[in-house]
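Subject: A structure for you to look at

Hi there,

Here is the structure I promised to pass on. Please open it and keep it beside you while you read the rest of this email.

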Amino acid sequence: MCHCGLQPEYDDCCGRYVSGRDIAPTAEALMRSRYSGFVECNDSYLLASWHPDTRPSRVRFDPDQRWLGLKIRAIEAGTETDSAGIVEFEARFKVHGKGHRLHEISRFERIDGRWYYLDGQHLGATTA
C-alpha cells in the first residue's frame, strides 16, 4: 500500500512522483508524495520538491523514527490551474516506540507548472 494511504500500490501513487516518472499535478499530491519521501528517506526528492527560496541545504532523518500514517485535514486551492495552495495535515510517527503526531498547515507554490513546498505553520506536535 502507498505510504500516503490513498492507493493500494506505492508505484502507482506517490512512487511515480518520488521516482521522477511524473510530476505531482496538485498541491495535495505533492504533500502526499513528500510524506512518502520522508517515509522512504529520499532526501533528493524532498529537496527537489522544496521551494528554492526556502529549501534547506540538506534533509536530516532520524533512523529511529517510523512513520505510521498521514491524514489530510483540509485543502485550499492547489489545483492544476492554481498558482498556490494550502494543505493541512497530520502525520503520525513513532520514535523509540513512543507515538507522536505532527500537525501542520503547509503552503505550496506552482512555478512553471511544477508544485513546490514553500513552508509550513506547525500547529503542534503531540505525544500519544
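Below is what I found about the salt bridges.

One thing to know at the start: this is a predicted model. Side chains of opposite charge can pair when their charged atoms come close. A search of the whole structure turns up five salt bridges, and I will walk you through some of them.

Start with Arg-73. Its side chain meets that of Glu-88 in a salt bridge, with 3.9 Å from N to O. Glu-88 sits in strand β2 (residues 84-95) and Arg-73 in strand β1 (residues 65-77), so this pair ties together parts that are 15 residues apart in sequence. Arg-73 also forms a salt bridge with Glu-90, this time at 2.3 Å from N to O. Here too strands β1 and β2 are involved, so the pair ties together parts 17 residues apart in sequence.

Are these residues buried or exposed? Glu-88 counts as buried because its relative accessibility is 17%, under the 20% cut-off. Glu-90 is buried as well, at 11%, while Arg-73 is partly exposed at 44%. Arg-73, Glu-88 and Glu-90 belong to a network of salt bridges that also includes Arg-101.

Now look at Asp-119, which pairs with Arg-107; their closest N and O atoms are 2.7 Å apart. This pair links distant parts of the chain, with Asp-119 in strand β4 (residues 114-127) and Arg-107 in strand β3 (residues 98-111), twelve residues apart. Asp-119 is partly exposed at 26% relative accessibility, and Arg-107 is partly exposed at 39%.

Happy exploring!

Methods
Residues numbered from 1 in each chain as written. Predicted model: local features only at pLDDT ≥ 70, side-chain atom pairs only at ≥ 80, totals over all residues. Heavy atoms only, no water. Salt bridge = Lys/Arg side-chain N within 4 Å of Asp/Glu carboxyl O. Helix = DSSP H or I, 4+ residues; strand = E, 2+ residues; numbered from the N terminus. Buried < 20%, exposed > 50% of the residue type's maximum accessible area, 1.4 Å probe, protein only.
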